[in-house]
Structures are given as structure tokens and as C-alpha cells.
Amino acid sequence: MVKAVKPKKAAKSGAISGATRKRIAEEMQKFPQKRGALLEALHLVQEELGCIAPETARELAEIFEMRAVEVMEVVSFYNMFHAAPQGRHHVHVCTNLPCSLRGGRSLLRRLEEHLGIRAGETTPDGRITLGREECLGACAYAPMLRIGDTYHENLGVELAKKLLDSLE
């Protein structure tokens, strides 16, 4: 379970602003069917609120004239969307077979111990959300992790800990 942290913006959770609603409406005009703008709407809402919580999904469902569960299906399908608030830094350890054979799963366990959280959780200070990723596409450089969009390869545990400790 992800520990609670505040959304990126000071907006009330689940309250899509008028400005974001206007941008969503503009995006809808670009598609023959409203649903075509759903991914962009999710990006806009997550940028504003920090995540797509169930109450936010209900609001989006009303805008798109669909069911909230359909919105949440999209949120849960893509790893770029989050149903709960996330840390300032997203750290993903590759646990695919090649990385695991070279210590990826062990690295993840050691980082969980170091941070005091499990994969899928956020540190209590909201600094880091730790996750696992099935493949980061750099098998020859395993074990590896991604911080945001930056790959760190051929990692040992101590170097990985230093990387995480250096994050603001």
C-alpha cells in the first residue's frame, strides 16, 4: 500500500480545476470521439493533482460520459499514471530475468531495507516512490534502475544507496 503524501499542487484532491477542464475540452475537439482525449486529460489532471484518485476518476468519467471504472482501467494499465500520490522521485528497479540473474531482485530488496518501504510504496517524507519494472531494456548492463528518466546501470548495492541518498 502506498503511504499518503501530499499531491504536487495544493489543489483539493479530486477537484479538477476550471482551467484544466477547459484544456480537456480543447483536447476533445481534436478527436472525432471524446474518448480520444482521455490520455491527454489524464496527463493534465495528474499534473495538476499529483495522481488520479478514484474521486478524480469519477469526475473524468462524467466529463467523458463513461464509467469511472473505465477511467481507472486506463490509469492502472499505464505505469505513467498513478492512482495514489507519489514521491518527488520515482525509482524503478528492473527485476526482469537478465537483471535478476545479475542481482536485480536482491538490489530491490536491499533498497527496500535501506528506505524502510516496500516496492510500490512511498517514503513517509514523500521523497521517493520505489517500484519494480519488468524490463528497462538494458539487459547487458544489469542490474540497473531508473530514477525518473535517467538510467543507472551496472549497479552495486552501495552505489545504488548513494544515488538514492543524494536525491533531494
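**Close-up 1. Contacts of Leu164.** Leu164 touches Val91, Leu111, Leu115, Arg127, Ile128 and Ile147, leaving aside residues up to four places away in sequence. Contact here means heavy atoms within 4.5 Å. The model is predicted: local features need pLDDT of at least 70, side-chain atom pairs count only at pLDDT 80 or more, and totals for chains, interfaces and linings use all residues. Residues are numbered from 1 along each chain as its sequence is written, and side-chain values use heavy atoms, without hydrogens or water.

**Close-up 2. Leu164 in its helix.** Leu164 sits in helix H7 (residues 157-165). Helices are DSSP runs of H or I, at least four residues, and strands are runs of E, at least two, numbered from the N terminus. Leu164 counts as buried because its relative accessibility is 0%; the cut-off is under 20% relative accessible area, with a 1.4 Å probe and protein chains only. Leu164 and Arg127 are 37 residues apart along the chain, and their C-alpha atoms are separated by 9.6 Å.

**Close-up 3. Lining of the second largest pocket.** A pocket is an open set of points on a 1 Å grid over the protein atoms alone, where a 1.4 Å probe fits, with protein on both sides within 12 Å along at least five of seven lines; lining residues have an atom within 4 Å of a point. This one holds about 310 Å³ of space. Of its 17 lining residues, Asn79, Phe81, His82, Gln86 and His92 are closest to the centre. Helix H4 (68-77), strand S1 (89-94) and strand S2 (128-133) each supply at least two lining residues. S2 gives the largest share, five residues.

Conventions: Points joined across faces, edges and corners; volume = space filled by probe spheres on them. Buried < 20%, exposed > 50% of the residue type's maximum accessible area, 1.4 Å probe, protein only.
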